[in-house]
Amino acid sequence: MLDARAAWARSQALDADVKAWAWLAEPTEGAAASAARGALAGAGMGVKDVIDVAGMPTRSGSPATSPEPARWDATCVAQLRAAGAVPIGKTVTAEFAYASPGPTRNPRLPTHTPGGSSSGSAAAVAAGMVDIALGTQTGGSMIRPAAFCGVVGFKPTFGRIHRQGMSVLCDTLDTIGWFSRTVAQSRSVASVLLPEDQPLAEPARAPRVALLTCAALGPLAAASRLALDDCAARLREQGANIVAPELDAGMKALLYIHTQIMHAELARGLLPLARSSQAGLISAVLLDTINRGLEVSYADYVRLQHERGRLSREWLQHFGDVDFILTPSAPGPAPEGLQSTGSSTFNRVWSLLGWPALHLPTARTDIGLPTGVQWVAPPDQDHALLAWAGRLHGQDRALT
């Protein structure tokens with residue numbers, strides 16, 4: 001992996017155009033020396049600016065937050081630092097990891113969005129500034145920017161990465177994940193943040209795969225449909241047994257529940273700020289979302305959580321005998337323009353269920369925009385999902 005000093009130098013040289021960093025710090029001699037050992041020895045790392053790094057401010061993409069540096073690392077940062085990684089800076093996030101984009105541009109085509117809300121982390125990896133970067137996902141904030149920027153993005157099973165030191169807004173949705181250039185690098189991060197007693201052996205048999213086109217969630221652009229079809233064809237060539245269940249009605253219900261729960265939790269998480277003297281520093285889009293979220297009553301919120309639990313159990317029964325699900329990562333390649341981060345429609349179901357999700361970049365369009373696919377596994381099959389990707393997609397395959 002790119003070492004911290006090289007990562008910092010590349011970031012200094014490239015970031016004027018990409019604008020991936022909210023805060024960048026040259027690694028000290030002591031930090032570089034202490035990172036000589038471990039699974040991530042010396043690797044430079046980006047950290048989304050909703051996660052604390054000691055000595056760096058956490059601004060959450062908003063001027064309403066404090067510029068004072070954090071006193072301690074977040075738990076996930078401390079774990080990665082203990083494994084040898086060196087945080088070189090904080091990456092740009094959409095305002096409070098929601099919808100209003102920051103200044104980051106897509107390194108593949110700067111006139112197109114890099115996605116959000118983990119835009120800076122995905123763009124920093126895609127631009128070759130760092131090989132790994134932390135992000136978070138509430139709806140589609142990991143998988144969507146991974147898809148738009150053409151990097152590997154991994155969102156673990158909900159609740160398996162400790163969130164101490166993260167600015168949590170949606171308590172039952174927010175999940176810490178990471179970006180990398182290759183599956184092998186993603187597995188190295190997983191070995192630290194999701195440690196297993198024994199390394200998982202590479203699967204010897206052909207996989208059982210469920211293909212979900214998610215037609216009920218909206219149309220797919222031709223490039224995304226081609227990426228899905230090509231991946232299914234490659235899996236069949238590798239012996240995969242692919243089934244195509246019809247779950248459109250359930251998907252619509254899960255999407256509605258996710259939206260309501262997300263709004264309700266975000267609204268209550270930001271209520272102190274919205275009622276403070278700093279409220280004028282919040283964007284109109286976010287203030288509108290807070291107001292809509294406050295309209296979700298406590299009784300409705302509880303009812304939605306119970307319905308979520310019921311549907312989660314049903315979906316576990318649907319997919320209890322498959323190794324992973326093949327499904328779209330995004331409706332299409334990165335849209336043109338920087339005023340929006342694009343649609344998270346194809347990610348929110350998996351965020352609500354809390355299942356591990358992985359974006360794999362596979363190709364580019366004629367104008368250079370990345371395309372790829374999303375693989376999803378039942379909960380706590382994180383390492384198995386990455387192992388299947390290592391075997392079937394390729395450990396060291398990166399979109400160049």
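Which residues are buried in H12? In H12, the buried residues are Asp-382, His-383, Ala-384, Leu-385, Leu-386, Ala-387, Trp-388, Ala-389, Gly-390, Leu-392, His-393 and Gly-394. Buried here means under 20% relative accessible area, exposed means over 50%, and partly exposed lies in between (1.4 Å probe, protein chains only).

The model is predicted: local features need pLDDT of at least 70, side-chain atom pairs count only at pLDDT 80 or more, and totals for chains, interfaces and linings use all residues. Residues are numbered from 1 along each chain as its sequence is written, and side-chain values use heavy atoms, with hydrogens and water left out.

Helices (H or I, at least four residues) and strands (E, at least two) are DSSP runs, numbered from the N terminus. The cover over the buried residues of H12 includes S5, helix H6 (183-193), helix H7 (222-237), S9, strand S10 (357-364) and strand S11 (370-376). In total, 12 of the 13 residues of H12 are buried, and the helix is mostly covered.

The table sets out the spans of two helices; the expected span is 1.5 Å times one less than the number of residues.

| Helix | Residues | Number of residues | First to last C-alpha | Expected span |
|---|---|---|---|---|
| H8 | 248-274 | 27 residues | 37 Å | 39 Å |
| H12 | 382-394 | 13 residues | 17 Å | 18 Å |

H8 has a kink of about 35° at Arg-268, shortly before the proline Pro-272. The bend at a residue is the angle between axes fitted to the seven residues ending there and the seven starting there. His-263 is also placed in H8 and counts as buried, at 7% relative accessibility. Contact means heavy atoms within 4.5 Å; leaving aside neighbours within four places in sequence, His-263 is in contact with Tyr-98, Thr-289, Arg-292 and Gly-293. His-263 and Leu-169 are 94 residues apart in sequence, with their C-alpha atoms 9.9 Å apart in space.

In helix H10 (residues 298-318) sits Gly-309, which is partly exposed at 22% relative accessibility. Between Gly-309 and Leu-353 there are 8.5 Å in space, C-alpha to C-alpha, and the two are 44 residues apart in sequence.

Strand S6 (residues 175-180) is largely enclosed by the rest of the structure, because six of its six residues are buried. Thr-175, Gly-177 and Phe-179 point one way from the strand, while Ile-176, Trp-178 and Ser-180 point the other way. In a regular strand the side chains alternate between the two faces of the sheet.

Two strands pair if DSSP finds at least two bridges between them. Strand S4 (residues 132-137) runs antiparallel to S6 and is joined to it by six bridges; Ile-132 has Ser-180 as its bridge partner in S6. Strand S5 (residues 152-155) is also antiparallel to S6, with three bridges, and Gly-153 is partnered there by Phe-179.

**Nonpolar cores**

A nonpolar core is a set of buried Ala, Val, Leu, Ile, Met, Phe, Trp, Tyr and Cys residues joined through side-chain atoms within 4.5 Å. The largest has 50 residues, of which Ile-51, Leu-134, Leu-235, Leu-326 and Trp-375 touch the most other members. Apart from this core lies another, of 42 residues, including Ile-143, Ala-264, Val-349 and Val-376. Not counting residues up to four places away in sequence, Leu-235 touches Val-209, Ala-240, Ile-242, Phe-324, Leu-326, Trp-375 and Leu-392.

**Loops and cysteines**

The loop between strand S3 (86-91) and helix H4 (119-126) holds Ser-117, and the peptide bond from Gly-116 to Ser-117 is cis, with omega near 5°. Ala-97 lies in the loop between S3 and H4. Although not a glycine, Ala-97 has a positive phi of about 55°, and Ala-97 is buried at 18% relative accessible area.

Thr-341, in the loop between strand S9 (324-327) and helix H11 (348-353), is buried with a relative accessible area of 7%. Beyond neighbours within four places in sequence, the contacts of Thr-341 are Ala-99, Pro-101, Thr-113, Gly-115, Gly-116, Arg-144 and Phe-148.

With a disulfide defined as a pair of cysteine sulfur atoms within 2.5 Å, the count comes to zero. Cys-170 is in no disulfide, and the nearest cysteine sulfur, that of Cys-76, is 18 Å away. Cys-170 is buried at 2% relative accessible area. Cys-214 is placed in the loop between strand S7 (208-211) and H7, with a positive phi of about 60° although it is not a glycine. The closest cysteine sulfur to that of Cys-214 belongs to Cys-231, 14 Å away and too far for a bond. Cys-214 is buried, with a relative accessible area of 3%.
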